[in-house]
Amino acid sequence: MEKGKKNSNPLHDSSQYVKGVGPSRQVLLSKLGISTVEDLILHFPRNYYDRSTLVTISQIDPHRLTSFWGTVLAVSKRNLGPRRSILTVALGDESGITHLIFFNQPYLEKQFKPGLKVIASGVRRTYRGQKQVVAPEFEILSGELGEELIHTGRIVPIYPLTAGISQRTMRRIVHAALEKAACHIIENLPPRLIESMDFPSRPEAFREIHYPSSARQCERAINRFKFEEVFFLHLLIHRRRNALSGFRPRPPIPPPHPLTARFINTLPFELTGGQKRVLGDIRRDMESEKGVSRLLQGDVGSGKTIVCLVAMMMAMEKGFQAALMVPTEILAVQHLEKIRSYLRNFSFRVELLIGSMKIARKKEVQGALGNGEVDLIVGTHALIQEGIAFKQLGMAVIDEQHRFGVKQRASLGQGNLLPHFLVMTATPIPRSLAQTVYGDLDLSVIDELPFGKRKVKTEIAGREDHRRVYAEVKEAFRRGNQAFILYPLVEESEKSDLKAATEEFERLQRDQLRGFPLGLLHGRMSFEEKSKAIEMFRSRKILGLVTTTVIEVGVDIPNASVLLVNHPERFGLAQLHQLRGRVGRGGGEGSCHLLTDENLSGASEKRLAFFASHDDGFKVAEADLKLRGPGEIWGYRQSGYPAFKLLNPLSDSSLVQRSWEESRIILEGDPELRKEENKVVSNYFHLYYKAKMELAEIG
Ligand code: ADP
Ligand code: MG
């Protein structure tokens with residue numbers, strides 16, 4: 001919209017014309033993503049001060065977040081190194097003194113002038129005899145507490161800010177925007193739902209979330225907005241799925257599947273109960289109208305590959321093609337070889353398509369895909385490049401989904417029929433999170449491993465243990481076992497880390513592991529070099545593979561039993577678990593040694609200790625999730641869905657589940673949202689979400 005142009009909907013007017021904003025502040029607001037009146041009223045507080053529970057300094061709670069105020073007595077700053085500093089602000093009142101501690105925010109020093117009044121909230125701790133509140137929420141008051149906050153009511157909002165706009169200013173601006181907008185805010189949920197969820201009306205919710213009349217009302221308002229965030233997303237997901245199955249039917253793959261049955265019988269092992277259950281789910285999906293759109297979770301080593309191969313085979317024996325997309329070329333080749341060997345007694349043509357193949361060869365495979373000569377294709381992103389056409393893709397499988405975005409999955413689905421989709425991951429996703437991130441997928445879990453519980457003994461090895469660890473590695477080498485020796489790769493400094501891995505490789509050869517054949521494998525090597533290194537390792541010509549995270553996903557070398565991880569603190573826990581899954585795969589024991597050095601922080605140490613004592617991938621992922629948030633782990637930032645402002649799909653799982661059900665029920669009774677009671681929903685949906693209908697087409 002043109003800046004400043006009057007719009008039929010006053011909520012969409014530029015925020016620049018809200019009282020107290022003006023052109024220069026508007027520039028600052030833009031940094032917060034605020035350009036309209038509506039953006040301003042949707043700029044929700046990230047926290048509140050509750051004046052009714054304001055305490056004196058001696059009463060700051062050591063266990064609970066409390067708000068307090070006092071006068072700045074003294075300020076001191078200590079520099080600990082480049083970009084590292086501690087700022088200590090002594091704050092006092094008649095009852096006592098406490099110290100506000102800020103790490104690495106030296107610029108705050110200028111703000112805390114002795115004599116200023118400060119309101120803050122945080123949790124008290126005692127550190128070396130000193131009472132402290134670390135990284136508190138704070139606000140410097142310009143007058144006495146009374147005059148400053150009185151007009152804002154009992155519970156005072158704390159807004160996310162940007163440099164140049166103070167809390168006070170932000171409060172005034174949002175307040176003005178709210179006044180301006182009040183009579184234009186429209187309801188977007190049906191009355192029945194508002195009632196059954198005990199939500200405030202929408203205008204009331206806006207008032208209460210910014211200026212709560214009580215903690216209880218504030219919570220109701222927050223809940224309502226959280227629900228809105230996920231409810232319309234769910235409507236979108238359900239509608240998209242309904243729309244798709246309307247236009248593009250799924251390939252018919254009805255029973256019987258005699259060839260597949262024969263295949264299962266020729267396997268050298270019996271499928272586990274978990275594998276059978278999942279295959280049952282998949283068969284049922286195939287027979288239903290909506291088809292297979294399933295997320296398959298199973299810990300590393302639970303045998304997902306064979307499950308997907310069986311599913312692909314059911315499609316192939318009905319004359320359809322199948323595709324398996326994986327995140328790395330190494331994995332693609334590994335899958336190709338495995339699948340070819342499984343299918344050696346069947347007459348299916350299985351091919352590879354990866355970026356580093358010769359162009360002529362690629363063209364050849366593409367041609368054979370297009371005319372239907374290739375039955376099963378294994379590949380990387382190369383499968384979704386321009387110019388790839390299938391004759392008729394029936395089953396598309398994506399391995400290690402967390403490495404791909406939703407759109408990439410969607411691009412596998414071009415054609416007259418919408419292929420069945422199977423998506424596999426070893427990083428488990430709690431149901432409520434799956435319903436927001438991969439809301440379009442049903443969920444199956446393989447909850448057992450083929451050989452029962454795999455044992456990978458995990459230890460944290462400090463500096464003093466390194467010598468012993470290398471002795472153990474040599475011992476393992478002498479027994480004929482193999483080891484991965486891992487170095488992290490940080491994106492910003494890929495080169496220097498690579499240097500580290502290369503140098504370490506040379507050092508290990510010279511020093512700790514002298515006399516044993518070692519190999520080097522990293523992401524910057526050409527595909528040929530990589531394949532050669534892996535092949536040497538697989539055929540036991542080398543015993544120790546010095547490598548980076550290129551081995552993270554899926555690499556299956558049954559004889560590898562030892563994993564050394566250097567700088568383990570630089571990895572996420574779920575990632576470490578994946579890595580740990582690379583050893584002890586042949587049913588034997590594996591060991592994982594996390595090599596740390598002195599300057600490991602307390603938090604890192606705790607994290608690693610948790611990892612070392614937990615074997616269950618689900619537990620590990622859950623802990624990782626709490627520490628890093630879902631965006632990091634499942635990359636939902638690149639998935640194309642809006643980030644949530646208020647909702648946390650994990651802690652708000654009951655809201656997510658409720659929304660999932662309610663949105664489904666509403667659409668079941670009224671697919672086009674035409675009924676009177678759903679008008680409000682439909683209006684809002686069309687205004688804000690309709691445009692997203694055409695984005696990623698997802699099975
Ligand atoms: P992941 O789930 O991590 O992808 P894979 O599919 O690579 O696991 O399987 C791990 C190993 O277990 C493979 O070597 C595979 O051949 C083997 N395997 C799979 N299913 C079974 C089974 N039911 N019984 C015994 N071994 C199995
Ligand atoms: Mg796998």
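Strand β21 (residues 560-566) and β22 run parallel and are joined by five bridges; helices (H or I, at least four residues) and strands (E, at least two) are DSSP runs numbered from the N terminus, and two strands pair if DSSP finds at least two bridges between them. This is a predicted model, in which local features need pLDDT of at least 70 and side-chain atom pairs count only at pLDDT 80 or more, while totals for chains, interfaces and linings use all residues. Residues are numbered from 1 along each chain as its sequence is written, chains are lettered from A and ligands numbered from 1 in the order in which they are written, and side-chain values use heavy atoms, with hydrogens and water left out.

Back to the sheet: strand β17 (residues 456-461) also runs parallel to β22, with six bridges joining the two. Leu595 turns up in both pairings, with Ala461 as its bridge partner and Asn566 standing opposite Leu595 as well. Strand β22 (residues 590-595) is largely enclosed by the rest of the structure, because six of its six residues are buried; buried means under 20% relative accessible area, exposed over 50%, and partly exposed in between (1.4 Å probe, protein chains only). In a regular strand, side chains alternate between the two faces of the sheet. In β22, Gly590, Cys592 and Leu594 point one way, Ser591, His593 and Leu595 the other, and all are buried.

Now for the ligand. Around ligand 1 there are 18 residues, of which Glu270, Gln275, Gly301, Lys304 and Thr305 come nearest; a residue is near a molecule or strand if one of its heavy atoms lies within 4 Å of it. By class, this shell splits into six nonpolar, six polar and six charged residues, where Ala, Val, Leu, Ile, Met, Phe, Trp, Tyr, Cys and Pro count as nonpolar, Asp, Glu, Lys and Arg as charged, and the others, Gly among them, as polar. Helices α10 (304-317) and α11 (329-342) each supply at least two residues of the shell.

As for polar contacts (pairs of N or O atoms within 3.5 Å), a backbone N or O atom of Glu270 sits 2.8 Å from a nitrogen atom of ligand 1. A polar side-chain atom of Lys304 lies 2.8 Å from an oxygen atom of ligand 1, and for a polar side-chain atom of Tyr342 the distance to an oxygen atom of the ligand is 3.4 Å. The protein covers 86% of the 570 Å² of accessible area that ligand 1 has on its own, with areas from the Shrake-Rupley method and a 1.4 Å probe.

A few backbone details deserve a mention. Pro255 and Pro256 are joined by a cis peptide bond, with omega about 5°, and Pro256 belongs to the loop between α7 (215-247) and α8 (258-266). Arg83 is not a glycine, yet its phi is positive, about 60°. Arg83 lies in the loop between β2 (66-81) and β3 (84-93) and counts as exposed at 82% relative accessibility. Asn104, in the loop between β4 (96-103) and β5 (117-122), also has a positive phi, near 55°, and is partly exposed, with a relative accessible area of 40%.

Glu139, by contrast, is buried at 5% relative accessible area and sits in strand β8 (residues 137-141).

Methods:
Polar contact = N/O pair within 3.5 Å; in protein donor to acceptor, adjacent residues only side chain to side chain.
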